[in-house]
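Hi,

Here's the structure I promised to pass on. Have a look first, and my notes on the side-chain packing follow below.

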Amino acid sequence: MNKKQLTPDYIFESSWEVCNKVGGIYTVLSTRAKTLQEAFQDKVIFIGPDFWKESESLYFREEKSLFAEWQWTAREQGLNVRVGRWTIPGEPVAILVDFKPFFEKKNDIYAWLWEEYKVDSLHAYGDYDEASMFSYAAGLVVESFYKSQIFNLNPQSRVIYHANEWMCGLGALYINNKLPQIGTIFTTHATSIGRSIAGNQKPLYDYLFAYNGDQMAWELNMQSKHSIEKQTALHVDCFTTVSDITANECKELLDKAVDVVLPNGFDNSFVPKAAAFNKKRKQARQKMLQVANALLGEDLGDDTVIVSTSGRYEFRNKGIDVFVEAMNRLLRERQLKKKVLAFIVVPGWVGEPRQDLQERLESGLPYDTPLEVPQVTHWLHNMGHDNVLNMMKFYDMHNRHDDNVKVIFLPCYLDGNDGIMNLTYYDVVLGNDLCIYPSYYEPWGYTPLEAVAFKVPCITTDLAGFGLWANKEFGHYGELEDGVKVIHRTDYNYSEVADYIKETVAQFSSMSKTSVDACRKAAEALSKKALWKEFIKYYYEAYDIALRKAEERFQKQVEIN
């Protein structure tokens, strides 16, 4: 007989990316928040770091009246908190906590962590200390909230603490130790050691069964991050990750099988509707072509096939190297029926927007000569050491007039104010005909999911969680006609992948408008299967597991006492 699923009365969820837009986890949390907020109405509370001293977060609105009594109590306890709303769809409650005061207790905190959980913080460097102090502060916030009598929380109340990534592991262990009646969930969005193995040019997949996570952490100087991640995975009530491919990685490298896979959904409420969609797409294409023409001294028209890749600047992991390789091969592809404009939208060490390009764009005049270095829209601090520019230089890819494929590096965050494109990231995605994400290491893959939500067909690989999920939905390897082409990728078939991409773009260039429209429709249909309303059930499963374990643990303690 199926037991009725337990649901929480309160959910606390912590992440370094709450009200702090730095990566994919921000997208996971901020798009899911609306679905949770509708179900729990202000009883889902996000906790993030407060380092907004010089300028306020664009994504946070303080409300001093919200939990006013508790705010006063927290300050009395030495917690510097600000309570307000995360300014995203659903506007959930967010608590930002200042973690800096805890640095002076750092050694005591790490000693406690070693004594209780054998977490090795001795080899910490980089962002480990900062993340750990935030995580500890987040644990104290929950403890303070739970113990204050204001909210009538008691041992019978069902409360969840959900920690995201190794950065929030310490807080989960603190709650686990100090408040055993709270159900703890830990989600690793990518194992720190798996990402490191892949990023260090080592073959991850063929040898996964043979790698020892602890040994590799020592070899790659990742002991502390790996240690907190592994011990959190082993001790929380419910350990989760975002895809089957990363679940396998967790089992092999963290020695712990996940309890539930929580695939990343999407909220399509900000995808423009019908007439607005077509208008925005047209505007985006015009702007992309205008920037390219000004930079290249060309006259590329609307029949140009616009493609792009994007994501974090992980040259190998995100497949940026394969993308450049494929575009280089496409230059000599006889089956290519149209000109191709390829953008690499990856934030690099950006300096400033090019003044010469700005002047051309402002003049609005046509130009028939390219600017110097016609491969990049913004100057970089490290022009001579940049991977993208160096690879293009190595292949002699200089966007010459006769080239049918032009590749442009757009190396900045697209927030609508970059000085050249002045469009948001989603607007740029909207202007594409085809998006290409040939990832080598990609636990889920928001970029392809975002592309299909905007009706843009895409190419991805089966080393991306999203690619595997798409294959499962299709019942076969995705083809262009399905809206997502999924390429088989291994540790060693780089060249084959580049050829597949080249051939797929050439195939796309010869497709009729009817076929392209069918592709776009199929892409949109797939995206609807990945909405949060479809995926939120997995979270309820995780809540149930965590609450049952907490209940069991608390019962045992009551019996002992």
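Let me start with a charge over a ring: the charged end of R32 sits over the ring of W532, 5.7 Å from the ring centre. K455 does likewise with F277, its charged end lying over that ring at 4.4 Å from the centre. Keep in mind that this is a predicted model.

On to the rings themselves. The aromatic pairs come to 40. Take F67 and F145: their planes are at 80 degrees with the centres 5.3 Å apart, so this pair is edge-to-face. It links distant parts of the chain, 78 residues apart, with F67 in the loop between β3 (60–62) and α2 (68–76) and F145 in helix α4 (residues 128–147). F67 has 18% relative accessibility and counts as buried, because the cut-off is under 20%. F145 is buried too, at 0%.

Another edge-to-face pair is W444 with F466, 5.9 Å centre to centre and 85 degrees between the planes. W444 is in the loop between β15 (434–436) and α15 (446–453), while F466 belongs to helix α16 (residues 465–474), so the pair ties together parts 22 residues apart in sequence. W444 is buried at 4% relative accessibility, and F466 is buried at 0%.

Ring pairs also join Y10, F12, F67, W70, F145 and F151 into a cluster.

Finally, the cores. The largest nonpolar core has 83 residues, and W86, F343 and M421 touch the most other members. Leaving out residues up to four places away in sequence, M421 touches K287, M288, V291, F343, L410, L414 and V428. Apart from that core lies another, of 59 residues, including V81, L113, A163 and M167.

Cheers

Note on methods. Residues are numbered from 1 along each chain as its sequence is written. This is a predicted model: local features need pLDDT of at least 70, side-chain atom pairs count only at pLDDT 80 or more; totals for chains, interfaces and linings use all residues. Side-chain values use heavy atoms; hydrogens and water are left out. A nonpolar core is a set of buried Ala, Val, Leu, Ile, Met, Phe, Trp, Tyr and Cys residues joined through side-chain atoms within 4.5 Å. Buried means under 20% relative accessible area, exposed over 50%, partly exposed in between (1.4 Å probe, protein chains only). Contact means heavy atoms within 4.5 Å. Rings of Phe, Tyr and Trp (its six-membered ring) pair if their centres lie within 6.5 Å; planes under 30 degrees apart count as stacked, over 60 as edge-to-face and the rest as tilted. Helices (H or I, at least four residues) and strands (E, at least two) are DSSP runs, numbered from the N terminus. A charge sits over a ring if NZ of Lys or CZ of Arg is within 6 Å of the ring centre and within 35 degrees of the ring normal.
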